[in-house]
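Let's take a walk through this one together. Have the sequence and the 3D view handy.

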Amino acid sequence: MNNLLWLIPALPLAGFLLLVAAGKHLSSKLVALTGVGSISLSALVTIMIGLNFLSSATDKETYHQTLWTWMDVGGFRPEIALSLDALSLVFVFVITFIGSLIHVYSAGFMAADKDYSRFFACMNLFVFSMLILVLADNLLLMYLGWEGVGLCSYLLIGFWYENPANGYAARKAFVITRIGDTAMALGLFTIYYQFGTLVMSEISANAASVWQPNTPIATVTALLLLAGGMGKSAQLPLQTWLPDAMAGPSPVSALIHAATMVTAGVYLIARMHVLFELSALAQMIVAGVGAVTLLVAGFSALTQYDIKRVLAYSTISQIGYMFLALGVGAWTAAIFHFMIHAFFKALLFLAAGAIIEALGHEHNMFKMGGLKDKMPLVFWTFLIGAASLSALPLISAGFYSKDQILWYAWASEKGSPILWFIAIFGAFITAAYTTRMMILTFWGVTRTEIGHHPGKLMTIPLIILAFFSVVAGFIELPHNFGHFTLFSDLLHRVLPSTVLQADESSEWKFQLLAFLATFGGIYLVFIYYYREPYKIERLRENSSFQSLYRFWHNGWGFDRLFDLVFVNPFVFIAQINKRDIVDRFYDGITSVTEHLYRLLSATQTGSLRWYIMGMVIGAIIILGLQIML
Amino acid sequence: MSSSVSTEIVMLLAALLFVLGITGVIIRKNIIFMLLSVEIMLNASGLAFVAAGSRWGQPDGQVMFIFILAMAAAEVSIGLALILQIYHQHKSLDIDKLREMNG
């Protein structure tokens, strides 16, 4: 079983290669079969290996497979080696399982697209890169996957490249994540310089003996890795690319920009948790970044028109929760929220994609409305996803994962009342914008007639994801409510458990407050948007409210700030330096050569006598020199 | 054979002939005369070889002269053939009119 590990990434790679080589000649049915089949088989292999792992592997055991040595230069000897432990198992499961559902959906969603095979080729390459990212046993191979998913993200955001705006969004995503990646590369250099190895298990084992806790080098390294995670996971201040990344097709948003790639930062920090535990400051910054991000993105989500942008900001906000959990040392809670979030956010994106397609590519929620009865299946699945997102108590999976984070934000040794307050206020906002999105989309009068209903290929993944968005929460229940810890028990093989400072008996009070926050958010929006809509109209007329609304709508002006600080000076320099200053020197060389050439070519008269004359004069000069010297 | 004429005089004569030849090549317009002048230059160098050979009592100078003679024969035959062709093509032997290959 152990040695089948290579099959998990190899199958999507094979699918990608086949589609790239022969995609143009295959019928669309075969393309879909290749694209979907490779991921589905990979998911099957994952489930087989996973079951084997769960039933037989002992606590500290990992499945490890070395495929070959990448290079061997002066003692630097990275291997192409895969390693599977509980943490990567969760990620691999989410990637292949949700990935295959999204691929099935795509087979229906993209059916009319002329670049069908290109789409599936990119998607397969993405799944391959993502699997390499989470299965790699050393940081270098992980970095390969890390860059691979960045490339696929770029290719798929700009999938409809005829529209220049999509190309711009793709470039923006690529460049901004590259900033984080550069920091991460510096982090890798530091780690290699300090440890002499990039194998993750060795780093984790040696970290405590190489570095003293809270030394500057430990903090700097952890922060460099954090910067890499912030870029990929769209955390403040590198979050501006994700809302624009919604230019890609909806399945891409579901797979890459909600379920898997954007959580790579969470994986990186969880994987390197030993380094972060060595630096209290770095962990505090992780928590702080998460907390600020979840609030900032939540307010922005509250004011968007575009349904996909609401979901994008909510993704940023939910990943903020994961960072917050990582920061307070609630490692398993972060991974649990990652898994639950992958289910419900993929569901929400796919359902939103179905709505957008049915309405003839209408993204604006204010032009939707009244879809409750027209698309009942999409409505019910979307409702389940939304309930999970807003953490509706007891019946939704999102409640169990978010409640854990809220509790640890208060109770963990590294938690604090401020973090807890931000988190619970974020929960309030989450409930509010989710309800706003639901009401605008599904209730009220019909503003756009639906063109056609989504087919079976698209609805079945929705149903399966909706099922998991409810059920997945039950594998981890709070201690005062069932106390069932299947998920965290599994992850505690890899990740340390959280050290508590508060008494567990008070947990129910916090759960009650979380209930109130959720229902408060729902109720507030219910009043303003449904029961008494004139109130929101009156609020809109207030000019200070309007400017605040616009400020949030534009993502707190981050884009404008970056334009002002980085883009505009750069463009300005580029403009004044249009005729490249460095090029002047080389232009000089060319013009001198050209003049010399014109001068000499004038001697080429074709007159034989002049040539002879030249030869004679030359001979005389040489002879004269010979005699004289 | 006693050298009645000193080597310097012969070398001077050879140089004179050589300069005459070069002058001919440069100032003559007719290709045939240019060819003739080239022959004069060849003979001047041949004379210099022979004189030098006799000065050092070596046969090499005369060997070189035989070489030059053979080469000159070949050169004249090819040169005359070229001149014939040029005349056929251009109906002229004036070197100043045959300047098609200017830069």
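In what order do the elements of chain B run from the N terminus on? They go α-α-α, and the tally is three helices with zero strands. Keep in mind that we're looking at a predicted model. For chain B, the mean pLDDT comes out at 88, with 93% of the residues reaching 70 or more. The model as a whole scores ipTM 0.80 and pTM 0.78.

So what does chain B look like overall? Its C-alpha trace spans about 55 × 25 × 25 Å along the principal axes. The radius of gyration is 17 Å, while the globule rule gives 13 Å for 103 residues, so chain B is more spread out than a compact globule. Buried residues account for 13% of the 103 in this chain. If you look at contacts in chain B between residues at least 6 apart in sequence, 48% of them join residues at least 24 apart.

Now turn to where the chains meet. Ten residues of chain A are in contact with ten residues of chain B. On the chain A side, helix H27 (residues 608-628) gives the most, with five residues. Sorted by class, that side of chain A has four nonpolar, five polar and one charged residues.

One last stop is in chain A: Pro237(A), which sits in the loop between helix H8 (216-232) and helix H9 (241-244). Ala227(A) is ten residues from Pro237(A) in sequence, and their C-alpha atoms are 9.8 Å apart in space.

Technical notes: Residues numbered from 1 in each chain as written. Chains lettered and ligands numbered in written order. Predicted model: local features only at pLDDT ≥ 70, side-chain atom pairs only at ≥ 80, totals over all residues. Contact = placed C-beta atoms within 7 Å. Helix = DSSP H or I, 4+ residues; strand = E, 2+ residues; numbered from the N terminus. Nonpolar A, V, L, I, M, F, W, Y, C, P; charged D, E, K, R; others polar. pLDDT = per-residue confidence, 0-100. Rg over C-alpha atoms; globule rule 2.2 N^0.38 Å. Buried ≥ 20, exposed ≤ 12 C-beta atoms within 10 Å, placed from the backbone.
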